[in-house]
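Here are my notes, written to be read with the model open beside them. Have a look at the fold first, then go through the points in order.

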Amino acid sequence: MSAPYKAYAYLTLAMVIVGSSAVAGTLMIYQLPVHLASALRFGLALILLVPLMLWQEKGIPRLRLQTHLLLFFQAVCGSFLFTLLFLEGLRRTSPASAGIITSTTPACMAMIAWIAFRERPERRALLGVACSIGGVLLVQLAQASSVGRDSVISSGAYGNVLVIGAVFFESLFLLLRKAMHEPLSPLTASTFVCFYGLLLFLPLGLSQAAQTDWSALSNEAWIAVGYYAFVVTVLAYIFWFAGIVSVPAGTAGIFTGVMPVSAVFLSSVFLGENIGRMHLAGCLGVVSGIYLICGTGRGTKRAVDLAGSKKGSSPFASAGFLLEHFLHLLHCKRR
């Protein structure tokens, strides 16, 4: 297999795995409370991430206090609040809907960057934002129409709102990278964010662990936790960065459109979810939005260069921040 096609295969596999995170998360929280499940996930992921970081960095990196504080705040937004809202949303909505909505993070980042950083997007990016918003509205309408207008709050529509909140905090996590002045590899940043995420979930996680009947947990629950920690959090990360080293940023960003398609398909196959036309139309809207937003950054510059950039890069001019979004979904998320 030639190098470009091998890279495309790696990117596709990474996004298929990320799309499966909604299914794995649903199976995980059926039997485990959110804080405990999240603590287990981050703890298990660190078993692999820490040795990888030590191998890459030749030891524990010495970071400034300001960098640690910024990484902690990123963990609050991207690991704690994102995970909390996402998993609580999965309790109330379908994994297909959640997968489609979380794919709108590039559009959400575009809107926040426009308002907070005065970074005016190109027309094509604005059209991409509009397509993403339209896709989410279709998913919301599909959820509401399936249960009737009078029970929207108790239905998946409320869960969709929680997932939208998760997308907002995930976007804040990524935009905080612009405040990072100290050079930091993606692996090191992700390892520290996962560590702080574990600390945030640990207090209530330990309390929930004391109240959990461990003997009642099925093999399915343990498999879901292990899959979420090792496959979604670590393996997809390896696939993603194995692919982005040899393709332009815009091309890599477009592959993130595989993620909502994967979520919809896997939800139907493994959970028997009924996928309606509105879900498919919403998925198409979000994928179109990703294509339009990432298309503004097409060029010859490698995605790995953009992903490692700090200040001065725009979410509209490149897919760098988009790539970091899926990097986080992969292993913190993230990941």
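1. How far apart should the ends of helix H3 (residues 65-90) be, and do the end C-alpha atoms agree or disagree with that? With 26 residues at 1.5 Å a residue, H3 should span 38 Å, and its end C-alpha atoms sit 36 Å apart, so the two agree. Keep in mind that this is a predicted model. There is also a bend in H3, of about 35° at Ala75.

2. Now the overall picture. Of the 335 residues in the chain, 57% are buried.

3. Back to H3 and its partner, helix H2 (residues 34-57). The two pack at an angle of about 125°, with 10 Å between their axes. The crossing of H2 past H3 is right-handed. On the H2 side, the contact is made by Val34, His35, Ser38, Arg41 and Phe42. H3 brings Ser79, Phe80, Thr83, Leu84, Leu87 and Glu88 to that contact.

4. Next, the loop between H2 and H3, where you'll find Arg64. Is Arg64 buried or partly exposed? Its relative accessibility is 45%, so Arg64 counts as partly exposed. Leaving out residues up to four places away in sequence, Arg64 touches His181 and Glu182. Arg64 and Glu182 are 118 residues apart in sequence, yet their C-alpha atoms are 8.0 Å apart in space.

5. Thr191 counts as buried because its relative accessibility is 3%, and the cut-off for buried is under 20%. What does Thr191 contact, neighbours within four places in sequence aside? The partners are Leu46, Leu49, Val50 and Met53.

6. Last, helix H5 (residues 105-116). Its 12 residues should span 16 Å at 1.5 Å a residue, and the end C-alpha atoms are 16 Å apart, so H5 agrees with expectation. Which residues of H5 are buried? They are Thr105, Pro106, Ala107, Cys108, Met109, Ala110, Ile112 and Ala113.

Terms used
Residues numbered from 1 in each chain as written. Predicted model: local features only at pLDDT ≥ 70, side-chain atom pairs only at ≥ 80, totals over all residues. Heavy atoms only, no water. Buried < 20%, exposed > 50% of the residue type's maximum accessible area, 1.4 Å probe, protein only. Contact = heavy atoms within 4.5 Å. Helix = DSSP H or I, 4+ residues; strand = E, 2+ residues; numbered from the N terminus. Expected span 1.5 Å × (residues − 1). Bend = angle between axes of the 7 residues up to and from the residue. Axes fitted to C-alpha atoms, helices over the stretch in contact; angles between N-to-C directions. Left-handed = near helix turned anticlockwise from the far one by under 90°.
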